[in-house]
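Dear colleague,

Here is the structure I promised to pass on to you. My notes on what was found in it follow below.

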Amino acid sequence: MKITVVGTGYVGLVSGACFADVGIEVVCVDIDQKKIDKLKNGIMPIYEPGLEEIVVRNYESGRLSFSTNLGEAIQDSEVAFIAVGTPPGEDGSADLKYVLAVADEIGKTMSDYIVVATKSTVPVTTGCKVKEAIQNALDKRKSDLPFAVASNPEFLKEGAAVEDFLKPDRIVIGVEEERAEEIMRRLYKPFQLSGDRIIYMDIPSAEMTKYTANAMLATKISFMNDIANLCELVGADANMVRAGIGSDPRIGNKFIYPGVGYGGSCFPKDVKAIIRTAKTYGYDLRVLQSVEAVNEDQKHTLVKKVKKHFGDDLSGMTFAMWGLSFKPNTDDMREAPAIVMINELRAAGAKVKAYDPIAMEEAKEVYVGDKVTYCDDAYDACVDADALLLVTEWSEFRMPSWSALGKLLTNKVVFDGRNIYDRKYLKEMGFEHYGIGI
């Protein structure tokens, strides 16, 4: 079986590599020639645990190839996945120009029946627009070639995407006809050996499922952060509250950890997009509007604590920052809380010394630039710093040498944005600890 995956970003590259790893012939297409050349040389455009190994292995075996020519790639392909970006517009809506451009190109160059499946996160009714774009291109060719559209949203966690794809908890497929359903069933059969995880539905429902899933997870995060802020005011401990409610199976213990807000490529963009979709139908998603507002406020929480301790004017002070990416095990800096904190600290007159195991290059080139001093390791960032801010809970930050840090820091003060440190122990070590919701 041969398939084409258009787009070699986070979704497309992971999907293409994992399909190839089970024996499927995969061509990954991208208009960026430099990116394609790098992939052919084993250079990844993103950091994702296990991705480089699986890409290189399947490229060397010949099952995975890379191209800039979509017309050639889709020849003999049974499925073409659209996995290009859908950046938010100024009004929060998803920009579909790249998705529809791919659909148009497929319509111009296809030579046999093909299932065109959207993997990009797209608003409801996008399937209809993709179908229309392909059909319009075929009409201009005066061609009656048959095709089908499908929606196959991804549910991959950054930092665990390869494992999520190879061992999915569910596979959502929106289709309109039996032929397309059978092709998609055959494509995903290698991932079904331990049980059927495919959920078939209509295309609009599949598109809505993706947005709803991310919106629900974002809601849990903002809800717990809101409760954590109240805990501080009433003298409760958000960690204890979390444990108390997380033991209820109706609630569960995932995505209820207080912190400095969510970021990344999915939650912020998708919450904005579903809010905008609702508005186009004359409906206000009031819960999600609050989710977004709480999250934006939460990104300021840690610096507020810094100012409460040291005062609003931080001129002449230096702060160590551990973690830049929006979560561990990724170099993704999109919408990262660290960006907001760095800008706030600098605006107050402070300097920032930062360390992140993976994301420093991304921060330097795209998001932060020379606004901070990038350090060789976590301890280097703390040399002569007035306090430490823990922003991203990378594993290597979980149990540092507090005795060593006490000698490096000017003040034994820790602002723990992820509640990973034991306040009682830090107090015994002579540190002041400020967490979230404590």
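In what follows, rings of Phe, Tyr and Trp (its six-membered ring) pair if their centres lie within 6.5 Å, and a pair counts as stacked with planes under 30 degrees apart, as edge-to-face over 60 and as tilted for the rest. Please keep in mind that this is a predicted model, in which local features need pLDDT of at least 70 and side-chain atom pairs count only at pLDDT 80 or more, while totals for chains, interfaces and linings use all residues. Residues are numbered from 1 along each chain as its sequence is written, and side-chain values use heavy atoms, with hydrogens and water left out.

Aromatic side chains

Phe 19, Phe 81, Phe 165, Tyr 188 and Phe 191 come together in one aromatic cluster. The whole structure holds 16 aromatic pairs, one of which is the tilted pair of Tyr 188 and Phe 191, with 5.9 Å centre to centre and 55° between the planes. Both Tyr 188 and Phe 191 are buried, where buried means under 20% relative accessible area, exposed over 50% and partly exposed in between, with a 1.4 Å probe and protein chains only. Another pair, Tyr 355 with Phe 397, is edge-to-face at 6.1 Å centre to centre and 70° between the planes. This pair links distant parts of the chain, 42 residues apart, with Tyr 355 in strand E10 (residues 351-355) and Phe 397 in the loop between strand E12 (387-390) and helix H17 (402-408); helices (H or I, at least four residues) and strands (E, at least two) are DSSP runs, numbered from the N terminus.

The surroundings of strand E5

Phe 81, a member of the cluster, has Ala 117 in E5 as its bridge partner. Strand E4 (residues 79-82) runs parallel to E5 and is joined to E5 by four bridges, two strands being paired if DSSP finds at least two bridges between them. Strand E6 (residues 148-151) is likewise parallel to E5, with four bridges, and there Val 149 stands opposite Val 116. Both faces of E5 (residues 115-118) are covered, with Val 115 and Ala 117 buried on one side and Val 116 and Thr 118 buried on the other.

Charges over rings

Arg 170 lies over the face of Phe 155, 3.8 Å from the ring centre, and the charged end of Arg 179 sits over the ring of Tyr 113, 3.6 Å from its centre; the criterion is NZ of Lys or CZ of Arg within 6 Å of the ring centre and within 35 degrees of the ring normal.
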